[in-house]
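The sequence and the structure should be kept in view throughout.

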Amino acid sequence: MPHSQTSAPRDSLAGVRLARGASPWLLPTVATAALSLVRARRSKGAAAVAVPATALAAGMLWFFRDPEREIAQGRVISPADGVVQSIMPWKDGRTRVAIFMSPLNVHVNRAPLAGTVTSVEHIPGGFVPAFNKESENNERVVWHFDTELGDIEMIQIAGAVARRIVPYVPQGTKVEQGERIGLIRFGSRVDIYLPEGVDVDVEVGQKTVAGVTRIDRG
């Protein structure tokens, strides 16, 4: 069973399975909504607040959902829910697959292969929209995994709204394929670099599901 599912408890609320790291954003929102609903019958001001507060709390619950997944078979699986934004050959022979995540996607990212986390590096930067080419210089976390295919690089990139990346596992951790490894709060992007000789089995515009969609062609 994946490491993150057994040793690291996740947040939860009213039976909804939530992403780890959701509490600082979610609890104040839900508390405000609940309080305004309680007071709505006695106060017009509270009633006016109750509707948008409840809508925001519901949106937060949806955004921070963390559903269980039946992990797919394959050498490399998608680390993120979203849409393939670009597929680019790199000068060193690798191929970069960029996956854009909208605020409607699940934002928990998963390990694309089983292996050992050899590096987790936070790099400060800007916050332009993740679909913009200039997002290459955004705030990001660069991961390296030692796998059966060699070194695999994956980058979590913050967007205009996503200004917080939360890694779940530190350097040196052994992870299973499809294991939860981190969260990006709100719209963002995840890049994965396939080694030379590994063919891509997705196309631009295709939807991906973390832990389910196979990225490489076997």
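In this predicted model, strand E8, which spans residues 150-158, has 7 of its 9 residues buried, so it is largely enclosed by the rest of the structure. Two strands pair with E8. With strand E7 (residues 140-147), the pairing is antiparallel and extends over 8 bridges. E7 and E8 together form a hairpin, and 2 residues lie between them. Within this pair, Trp-143 stands opposite Met-154 of E8. Strand E12 (residues 188-194) also pairs with E8 in the antiparallel sense, here over 6 bridges. Ala-158 has Ser-188 in E12 as its bridge partner. Strands of a sheet pair through backbone hydrogen bonds, in either a parallel or an antiparallel manner.

Another group of strands may be considered next. An open sheet is formed by 3 strands in the order E5-E11-E9, with antiparallel pairing. Strand E5 (108-110) and strand E9 (165-167) stand at the edges of this sheet; each has a single partner strand, so one side of each is left without a neighbour in the sheet. From one strand to the next, the twist averages 25°. Between E9 and strand E11 (residues 180-184), which run antiparallel, there are 3 bridges.

Which residues have the most contacts inside the largest nonpolar core? They are Val-97, Trp-143, Phe-145, Ile-181 and Leu-194, in a core of 34 residues. Strand E4 (95-101), E7, E8, E9, E11 and E12 each supply at least two residues of this core. Ile-181 illustrates how such a residue is surrounded. Leaving aside residues up to four places away in sequence, Ile-181 touches, among others, Trp-143, Phe-145 and Met-154. Its contacts also include Asn-109, Arg-110 and Ala-111, as well as Val-166, Pro-167 and Tyr-168.

Ser-78 is placed in the loop between helix H3 (44-63) and strand E3 (82-89). Is Ser-78 buried or exposed? Its relative accessible area is 0%, which is under the 20% limit, and Ser-78 is therefore counted as buried. The side chain of Ser-78 reaches the backbone oxygen of Ala-80 at 2.7 Å. Apart from residues up to four places away in sequence, Ser-78 touches Ile-99, Thr-208, Val-209, Ala-210, Gly-211, Thr-213 and Ile-215.

His-107 lies in the loop between E4 and E5. This residue is likewise buried, with a relative accessible area of 0%. Its side chain reaches the backbone oxygen of Asn-105 at 2.8 Å. His-107 and Phe-64 are 43 residues apart in sequence, while their C-alpha atoms are 7.1 Å apart in space.

The chain as a whole may now be described. It contains 3 helices and 13 strands. Of its 218 residues, 47% are buried. Among contacts between residues at least 6 apart in sequence, 68% join residues at least 24 apart. The chain exposes about 10700 Å², and carbon and sulfur atoms supply 57% of this area.

Notes:
Residues numbered from 1 in each chain as written. Predicted model: local features only at pLDDT ≥ 70, side-chain atom pairs only at ≥ 80, totals over all residues. Heavy atoms only, no water. Pairing = 2+ DSSP bridges. Helix = DSSP H or I, 4+ residues; strand = E, 2+ residues; numbered from the N terminus. Axes fitted to C-alpha atoms, helices over the stretch in contact; angles between N-to-C directions. Buried < 20%, exposed > 50% of the residue type's maximum accessible area, 1.4 Å probe, protein only. Polar contact = N/O pair within 3.5 Å; in protein donor to acceptor, adjacent residues only side chain to side chain. Contact = heavy atoms within 4.5 Å. Core = buried A, V, L, I, M, F, W, Y, C linked by side-chain atoms within 4.5 Å. Areas by Shrake-Rupley, 256 points an atom, 1.4 Å probe, with all protein chains shown as cover.
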